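Thanks, everyone. Please have a look at the model on the screen before I start.

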Amino acid sequence: MAFPSILRKSGSSLAPLATRLVRDQRNYHRALFTAKTHSNLSHSHRISFLSPLLVPNLHYSSASKKPSSDETLLRVILSEIQCLQETDDHDRVEQIPSDFPFEIVDNPGLQTLTLKRTYQGEEIEVEVHMPDLVTGENDDDPDGDNSEKASLSSLPLVVSVSKKDGPSLEFSCISYPDEIEIDSLAAKRPEISDEEIAYKGPSFVDLDEDLQKAFKRYLNIRGIKPSTINFLHEYMINKNSKEELIWMKKLKKFVEA
């Protein structure tokens, strides 16, 4: 009787101990799980916190670097600008002759300039284009008498002579130093729109020679004469240099942006 009693007593004393051991083991595993989870969350938090800082920096670095071709282009443009600035034409100011018969309307950035004047009730307007510059002899020109002119710089002009509220004559000309040639002549009337095709007359070179000379004198009296043309040649050469420099600087600004 004594031995079973001892066993029951031992068993009853061991049960609480076993229960504590199991509970402590569960608490240990729970603590390990909690610590590991917290460590993983902290690591993920650090990555998510740093990621917005790292990714934009990498993206910005790759996007801000210009291609090598752009850098090469920029160097060439800067070299061209330096060459243009070393010439005298880009900042030269032409002195307008006191007897120059026209008002000059020159807007920077345009390919042309405009001359205006009034002569005996007529409105005269001349559109002057950039010169066709020739720097050397052209021995390959096959046109006999024209070979000398092929070696000269030329200046295209469009001369309009109009009556008040009436018809107008439009001359397309090519001017050389001390000489003016009329390429074509058109008679225009205000009631005929530009969309309609008006009869333009025969080719100017097909007109009677005396009539051609008479029209040249007609323009000469109205200020289209060698002294005017020679001044315009110098003026337009300078304008061409100025406009080219402005154009190059605009290219530089675009490539740099």
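First, the ground rules. This is a predicted model, where local features need pLDDT of at least 70, side-chain atom pairs count only at pLDDT 80 or more, and totals for chains, interfaces and linings use all residues. Residues are numbered from 1 along each chain as its sequence is written, and side-chain values use heavy atoms, with hydrogens and water left out.

Now the layout. The protein chain has 5 helices and 6 strands. In sequence order the pattern reads α-α-β-β-β-α-β-β-β-α-α.

How much of the protein chain is buried? Of its 257 residues, 23% count as buried. The cut-offs are these: buried is under 20% relative accessible area, exposed is over 50%, and partly exposed is in between, with a 1.4 Å probe and protein chains only. Next, contacts, meaning heavy atoms within 4.5 Å. Take those in the protein chain with a separation of 6 or more: 57% of them join residues 24 or more positions apart.

On to helix 2, residues 68–86. The expected span of a helix is 1.5 Å times one less than its number of residues. For the 19 residues of helix 2 that gives 27 Å, and the end C-alpha atoms are 27 Å apart, so the two agree. Which residues of helix 2 are buried? They are Leu74, Ile77, Ile81 and Leu84. These four cover an arc of only 85° around the axis, so they sit on the same side of helix 2. That arc is taken from the directions from the helix axis to the C-beta atoms. The face turned away from the buried side carries exposed Ser68, Arg75 and Glu86. And the partner? The buried residues of helix 2 pack against helix 5, residues 226–256.

Stay with helix 5 for a moment. Ser241 is in helix 5. Its relative accessibility is 12%, so Ser241 counts as buried. Ser241 and Gln85 are 156 residues apart in sequence, yet their C-alpha atoms are 9.3 Å apart in space. Ile237 is also found in helix 5. At 24% relative accessibility, Ile237 is partly exposed. From Ile237 to Met130 is 107 residues along the chain, and 7.6 Å between C-alpha atoms.

Now helix 4, residues 209–221. Its 13 residues reach 19 Å from first C-alpha to last, close to the 18 Å expected at 1.5 Å a residue. Gln212, Phe215 and Leu219 are its buried residues. They cover an arc of only 65° around the axis, which puts them on the same side of helix 4. Turned away from that side are the exposed residues Asp210, Arg217 and Ile221. What covers the buried residues of helix 4? The cover includes strand 4 (155–162), strand 5 and strand 6.

Next, the second largest pocket. A pocket here is an open set of points on a 1 Å grid over the protein atoms alone, with protein on both sides within 12 Å along at least five of seven lines, and lining residues have an atom within 4 Å of a point. This one holds about 180 Å³ of space. The lining includes Arg92, Glu94, Asp106, Lys239, Lys242 and Glu243. Tyr235 and Asn238 are also among the lining residues. By class, the lining has 4 nonpolar, 2 polar and 6 charged residues.

Glu122 lies in strand 3, residues 122–129. Is Glu122 buried or exposed? At 4% relative accessibility, Glu122 counts as buried. Leaving aside neighbours within four places in sequence, Glu122 is in contact with Arg117, Val161, Ser162, Lys163, Tyr218 and Arg222.

Then two loop residues. Gln120 sits in the loop between strand 2 (112–119) and strand 3. Gln120 is not a glycine, but its phi is positive, about 45°. With a relative accessible area of 70%, Gln120 is exposed. Asp178 is in the loop between strand 5 (168–176) and strand 6 (179–188). Asp178 has a positive phi of about 65°, although it is not a glycine. Its relative accessibility is 53%, so Asp178 counts as exposed.

That is the tour. Thank you.

How values were computed
On a 1 Å grid over the protein atoms alone, a cavity is a set of points where a 1.4 Å probe fits but cannot get out, and a pocket is an open set with protein on both sides within 12 Å along at least five of seven lines; lining residues have an atom within 4 Å of a point. Grid points are joined across faces, edges and corners, and a volume is the space filled by probe spheres set on the points. Ala, Val, Leu, Ile, Met, Phe, Trp, Tyr, Cys and Pro count as nonpolar, Asp, Glu, Lys and Arg as charged, and the others, Gly among them, as polar.
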